[in-house]
Structure formats: structure tokens, C-alpha cells
Amino acid sequence: MDDSAMLPETNSEQAAILADRIQQTATEVMSGGAVPVSLSIGIAVCPYDSGVRQELIKAADRAMYEAKNQGGGRARVANGAVAVGRARGDHRHAGGEGVG
């Protein structure tokens, strides 16, 4: 299942922090189940990745599939600057500054 959310007035650093919290909560809630579950999250930021809604969704979708291809259980920013989740030591946003 793929879903999306728009977070107005949220930069890539804030989105990465939120994605990490979502990952942690989902892991806690879903752990111990019969079927292993992981989340792959794609993040796109307006206007850096696009100023057009549909293009932002496409950019976030590409980032989500990149996260899936890297093993899942993580988030990626469309510009490739953020890795969240399993790569917790490398939390970076579009400006290259650490968030964690």
C-alpha cells in the first residue's frame, strides 16, 4: 500500500525528523507480528524538488522506491540528501546539515 501526505510549511529537516518518528512508532506497534512489516518513506520539498504539486508527488514517489530498493525501513529525500531509519547516523537535509 502506498500513501502520501502533504505537510505545509515543513522543510526537509522537519520532514526527516517526522519520518524517523513514524518509523520508530510503526516498528514498535508492528513488532512481534506474524508478518514482518517495514515502512519506506519518500520526501519531496517545495520548491526545492518542484513547485508543482503533481511533480512533488512524483519526486516523493521516486524517493520512496529508492528507499525500498535500499532495503526498506528508511526514508529518502527526493534530492538524495537524507537517509533516515536504518541509516540513523546519516540524517542530512537538502542543505547538508545534520538533524540527529
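This is a predicted model: local features need pLDDT of at least 70, side-chain atom pairs count only at pLDDT 80 or more; totals for chains, interfaces and linings use all residues.
Residues are numbered from 1 along each chain as its sequence is written, and side-chain values use heavy atoms, with hydrogens and water left out. Local features need pLDDT of at least 70 and side-chain atom pairs pLDDT 80 or more, while totals for chains, interfaces and linings use all residues.

Select residues 12-30, helix α1 (helices are DSSP runs of H or I, at least four residues; strands are runs of E, at least two; both are numbered from the N terminus). The 19 residues of α1 reach 26 Å from first C-alpha to last, close to the expected 27 Å (1.5 Å times one less than the number of residues).

Next, colour S12, A15, A16, A19, D20, Q23 and A26, the buried residues of α1 (buried is under 20% relative accessible area, exposed over 50%, partly exposed in between, with a 1.4 Å probe and protein chains only). They lie on the same side of α1 because they cover an arc of only 140° around the axis, taken from the directions from the helix axis to the C-beta atoms. Turn to the other side for R21, E28 and V29, which are exposed.

At the start of α1, show N11: one of its side-chain oxygens comes within 3.0 Å of the backbone nitrogen of E13. After α1 comes G32, with a positive phi near 85°.

Now select β1 (residues 40-43) and β2, which run parallel and are joined by four bridges (pairing takes at least two DSSP bridges). Opposite I41 is A75 of β2. In β2 (residues 74-77), R74 and R76 point one way, A75 and V77 the other, and all are buried.

How values were computed:
A polar contact is a pair of N or O atoms within 3.5 Å; within protein, one must be able to donate a hydrogen and the other to accept it, and residues adjacent in sequence count only if both atoms are side-chain atoms.
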